[in-house]
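Please look over the sequence and the model shown here before reading the numbered points. They are meant as a colleague's note for someone new to reading structures.

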Amino acid sequence: MRFCSFLWLFAFCSYHAVLLGHTWSLNNFLMTGPKAYLTYASSVHAGAQNGIDECKHQFAWDRWNCPETALPLSTHKGLRRATRETSFVHAISAAGVMYSLTRNCSLGALDSCGCDQSKNGKIGGRGWLWGGCSDNVEFGEKISKSYVDALETGQDSRAAVNLHNNEAGRKAVKATMKRICRCHGMSESCTIQTCWLQLSDFREIGNYLKVKHDQAQKLEMDKRRMRAGNSADSRGAIADAFGTIDESELIYLEDSPDYCRRNVSLGLLGTEGRQCLQTGDGLSQWEKRSCRRLCHDCGLRVEERRTETVSSCNCKFHWCCTVKCENCSQVTVKHVCARRDGGQGKHRRKARGHK
């Protein structure tokens, strides 16, 4: 199983078992790991699934939308690339597993751990003390690292980038934690407060990492030293490249491919047939511009498709004993990207950025 290079397999081995025709399960894969960690398998699986779901949410209106066909197996060319998008995949995966383990630990669902009370009784700041039940992120971080980072067996620059992004995901969990406080004193005067740290909603972590994805830095390697064939030179080149990069930042090695076009070898479906949003209540600016980003900028046109559904309505009971209904029709309108007359790309605008 050493060909499995990172965490998406935890979820995909079971989540896509029918789709991909695999007969082996998540538990089969986890059996290859330390037996002491098998008790955490359900938490790891739930965390990996959270990562998949959050990735799909964050990229729902991007050209690359975290497609299942692009992320089934680590041996796929699309995942072996160290692009801006795969940096997010690694980060949200590591964050998802850490989050699930930490939450289940604090809820008492795991026998080997509980709340983090190491700071309880200590002064935290003016007018408040540490107390209560802080979420045990140290435990979640430790076990997540044991699972996720152990799958990265390579020694090259791509492995180093993947491990860095795993760590950035775990740091995102800590960076988004919230301090929750409770007042104490006569008649709720709040003379003093006790406070503890609590995980934020996982959506906040996803939002945090999406910003990091948009700001991701391309790692420039000394290719001459990397090609020299000397392992010491290669390690030195990697160390020098990482020297100025903060551990909380996402990094990548390769520019993103053209997500507008279908590319079977990379597992990319392109944007033809994708739905976009033109109108609707409460849409963000990013959502409102989805038709331009997915269709127009990719040389496609926006096609309006209407679907009419007929259902029973205005039903009335008549004595005795029948119910008479009217037939009501409802038209659903959606907009999708479609080829222009004469083929895709004929009038394509220059794609903007990596979106």
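**Notes on the model**

1. Cys315 and Cys325 form a disulfide (a pair of cysteine sulfur atoms within 2.5 Å), and their sulfur atoms are 2.0 Å apart. Cys315 belongs to strand β8 and Cys325 to strand β9 (residues 322-339), so the pair ties together parts that are 10 residues apart in sequence. Strands (E, at least two residues) and helices (H or I, at least four residues) are DSSP runs, numbered from the N terminus. The torsion of 115° about the S-S bond makes the link of Cys315 and Cys325 right-handed.

2. This is a predicted model, in which local features need pLDDT of at least 70 and side-chain atom pairs count only at pLDDT 80 or more, while totals for chains, interfaces and linings use all residues. Residues are numbered from 1 along each chain as its sequence is written, and side-chain values use heavy atoms, with hydrogens and water left out.

3. How many disulfides does a search of the whole structure find? The search finds 10, and another of them joins Cys260 to Cys298, with the sulfur atoms 1.9 Å apart. This pair links distant parts of the chain, 38 residues apart, since Cys260 is in the loop between β6 (251-252) and β7 (275-276) and Cys298 is in the loop between α13 (290-294) and β8 (300-318). Cys260 and Cys298 are both buried, where buried means under 20% relative accessible area, exposed means over 50%, and partly exposed lies in between (1.4 Å probe, protein chains only).

4. Turning to the rings, the count comes to 6 aromatic pairs, a pair being rings of Phe, Tyr and Trp (its six-membered ring) whose centres lie within 6.5 Å, with planes under 30 degrees apart counted as stacked, over 60 as edge-to-face and the rest as tilted. Tyr40 and Phe139 form an edge-to-face pair, with 5.6 Å from centre to centre and 80° between the planes. Tyr40 lies in the loop between α3 (26-30) and α4 (41-58) and Phe139 in helix α7 (residues 137-148), so the pair ties together parts that are 99 residues apart in sequence. Tyr40 is buried at a relative accessible area of 7%, and Phe139 is buried at 12%.

5. Helix α8 (residues 157-175) has 19 residues and reaches 26 Å from its first C-alpha to its last, close to the 27 Å expected at 1.5 Å a residue; the expected span is 1.5 Å times one less than the number of residues. Of the 19 residues of α8, 14 are buried, so the helix is largely enclosed by the rest of the structure.
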